[in-house]
Amino acid sequence: MTINSRIKISPPTADLIRGAQELERTEHGVLPHRLPALAVRQSADPQLRLAEAQPSGVRVVFRTTATTIELDTVRSRTTYAGLPARPDGVIELVVDGLLVESITTAGGVTTTVSMATGTATVEEGPVWTSRFTGLAPDAKNVEIWLPHNEITELRELRASAPIHAAEPSGRPVWVHHGSSISHGSNALRPTETWPARAARLGEVELINRGFGGSALLDQFTARALRDTPADLISLKLGINVVNTDLMRLRAFRSALHGFLDTVRDGHPETPLLLISPIFCGIHEDTPGPGAFDTDALAAGELRFRATGDPAAVAAGALTLRVIREEMRRVVAERAETDAHLHYLDGLELFAEADELLHPLPDALHPDAASHVLIGDRFAALAFGPGGALSS
């Protein structure tokens with residue numbers, strides 16, 4: 001059953017979409033991107049291409065008196081043969097700041113990859129309609145949060161009453177960049193990734209630039225952050241540099257300074273919080289690269305392990321302990337000329353003691369409960385009284 005609607009927007013327009021960097025017109029409608037097209041081209045990295053097109057933190061925002069709202073979407077997801085299917089995406093309705101309903105997605109395009117052969121099969125399903133009914137007829141601010149873990153094309157927005165672009169909330173705009181943990185990793189819902197939860201508690205407007213596997217100090221990412229309007233900025237860096245074994249200490253130090261320099265070109269006095277990695281046992285003292293645990297894969301489980309040599313640390317190989325110390329040192333050095341740069345040790349968000357209570361399911365990513373824990377702690381430490389990002 002569909003709305004006999006006076007309002008139909010095909011596809012939703014840019015003035016209704018927050019949290020995206022660009023909108024790409026597709027055969028189905030529009031696809032939100034969280035990096036500029038130029039950055040994606042420069043990366044030539046399929047992992048980044050996948051991550052930036054997953055709309056973590058992106059939402060459709062408007063004001064209406066409608067009692068029924070529908071959003072048509074087409075999802076694209078990837079699964080792996082022989083492993084448990086990743087959770088379906090979730091689309092959530094928030095009205096005047098309160099979560100009203102969560103709807104699990106279906107249909108769309110599913111690509112199944114065989115890790116044994118490297119081949120892939122593609123299955124195409126129908127357009128998915130998220131339908132929200134029984135809403136109060138009063139004027140209200142509506143946010144439809146898109147799945148953080150599925151590429152989502154927006155096809156059509158329908159409502160039983162006129163839709164108006166929402167006025168700016170007046171809240172500070174917080175731009176956050178990080179790895180898959182910031183992207184959402186094992187969070188079950190888009191409003192419960194740790195950045196989304198922290199933003200809600202801190203009463204700020206989130207722009208999430210967390211990219212799974214892709215927080216690698218790339219200059220194109222730094223330029224995108226430089227060019228994004230922001231009142232507050234945080235950068236959670238380190239884990240991807242270690243688990244990709246991307247660079248040694250000498251290169252990391254220079255790349256981190258360069259990344260900060262580029263962000264500062266556009267935000268010279270914006271409060272900027274540099275966050276080091278949370279606890280991850282496999283990489284605390286063992287360098288990357290990280291790899292799939294083949295024994296776990298044989299048992300139908302997904303787990304990671306570190307494959308580097310701890311002895312290589314003396315020659316500049318990176319571990320999480322090394323990364324934290326170097327990040328602390330860089331912030332201390334820059335503090336002499338940058339009073340608005342701050343450091344937060346990631347172990348204050350999730351430490352070894354927390355991992356004992358909330359084991360990392362795959363030895364790398366926090367579970368859903370840990371996202372809540374990290375979000376709550378970050379909100380208190382960063383946005384609370386005396387916090388680096390407090391107003």
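Lys236 stands opposite Ile275 in β18. This pairing belongs to a predicted model, in which local features need pLDDT of at least 70 and side-chain atom pairs count only at pLDDT 80 or more, while totals for chains, interfaces and linings use all residues. Residues are numbered from 1 along each chain as its sequence is written, and side-chain values use heavy atoms, with hydrogens and water left out.

Strand β17 (residues 232-236) and strand β18 (residues 272-275) pair in the parallel sense over four bridges; two strands pair if DSSP finds at least two bridges between them, and strands (E, at least two residues) and helices (H or I, at least four) are DSSP runs numbered from the N terminus. Both strands belong to an open sheet of five strands in the order β16-β15-β17-β18-β21, with parallel pairing. Because β16 (205-210) and β21 (341-344) each have a single partner strand, they stand at the edges, and one side of each is left without a neighbour in the sheet. From one strand to the next, the twist averages 20°.

Helix α7 (residues 249-266) lies across β15 (173-178), β17, β18 and β21, running at about 160° to β18, where angles run from 0 to 180 degrees between N-to-C directions and axes are lines fitted to C-alpha atoms, for helices over the stretch in contact. Helix α12 also packs on the sheet, touching β15, β17, β18 and β21, and its direction makes about 135° with that of β18; contact means heavy atoms within 4.5 Å.

The axes of helix α4 (residues 194-202) and helix α12 (residues 368-383) come within 8 Å and cross at roughly 40°. That makes α4 oblique to α12, since angles under 35 degrees count as roughly parallel, over 145 as roughly antiparallel, 65 to 115 as roughly perpendicular and the rest as oblique. On the α4 side the contact includes Trp194, Arg197 and Leu201, and on the α12 side His371, Asp376 and Phe378 are among the residues involved.

| Peptide bond | Omega | Location of the proline |
|---|---|---|
| Ser10 to Pro11 | about -10° | loop between β1 (7-9) and β2 (17-18) |
| Gly288 to Pro289 | near 5° | loop between α8 (281-284) and β19 (290-292) |

Ser185, although not a glycine, has a positive phi of about 30°, and this residue lies in the loop between α3 (180-183) and α4.
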